[in-house]
Amino acid sequence: VSQSRYEQLSTHLAAHGASSVDAVISCLPVVTLPAPVTEKIWHEIETMLVKGGVYVQLQLSPVFLRKMRKRFAGLRVRFEPRNIPPGFAFIYQKTL
C-alpha cells in the first residue's frame, strides 16, 4: 500500500525497487482535473499495471464513463447506492 502524487508514481515505485503494480485504486476526482492531467494519470496507470492487474476508479458521477470506455477496453461499471453519497466504481483489468 502506498500513497503518492500522480506525478511521482514511477519515481516512488523505482525508489522501492519496483516498476509495476498489481492494482491501482484511485478516488481522484478526475472529472475536475484538466484533460492533459487526466490523460497523464491514465497513461502512468496503464504503464505500471502488470498483465492481469486491476485499476479501480471511484467516482460520484458517471460523467467520464464514455471517455474511460474509449481508453480502457473491457471497462466494467458498478453502482453503489448504499454509499453516501451514492457512487460508481469503474473497473479495468489489463489484458495485454
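A hairpin of six residues carries the chain from strand S3 into strand S4. As you explore it, keep in mind that this is a predicted model. In general, strands of a sheet pair through backbone hydrogen bonds, in either a parallel or an antiparallel way.

**The whole sheet**

Now step back from the hairpin. S3 and S4 belong to an open sheet of four strands, ordered S1-S2-S4-S3, and the pairing in this sheet is mixed. Which strands form the edges? They are S1 and S3, each of which pairs on one side only. On average, neighbouring strands are turned by 15 degrees against each other, ignoring direction.

| Strand | Residues |
|---|---|
| S1 | residues 21–26 |
| S2 | residues 49–59 |
| S3 | residues 76–80 |

Have a look at Thr 38, which sits in helix H2. Is Thr 38 buried or exposed? Its relative accessibility is 1%, so Thr 38 counts as buried. Apart from neighbours within four places in sequence, Thr 38 is in contact with Val 30, Leu 33 and Phe 64.

**The nonpolar core**

How many residues does the largest nonpolar core have? There are 18, and those with the most contacts inside this core are Trp 42, Leu 49, Tyr 55, Met 68, Phe 72 and Leu 75. At least two core residues come from each of S1, H2, S2, helix H3 (65–71) and S4. H2 gives the largest share, with four residues.

Setting aside neighbours within four places in sequence, Leu 49 is in contact with Val 21, Asp 22, Ala 23, Val 24, Val 54, Tyr 55, Tyr 92 and Lys 94. One of these, Tyr 55, is also among the core residues with the most contacts.

How values were computed: Residues numbered from 1 in each chain as written. Predicted model: local features only at pLDDT ≥ 70, side-chain atom pairs only at ≥ 80, totals over all residues. Heavy atoms only, no water. Pairing = 2+ DSSP bridges. Axes fitted to C-alpha atoms, helices over the stretch in contact; angles between N-to-C directions. Contact = heavy atoms within 4.5 Å. Buried < 20%, exposed > 50% of the residue type's maximum accessible area, 1.4 Å probe, protein only. Core = buried A, V, L, I, M, F, W, Y, C linked by side-chain atoms within 4.5 Å.
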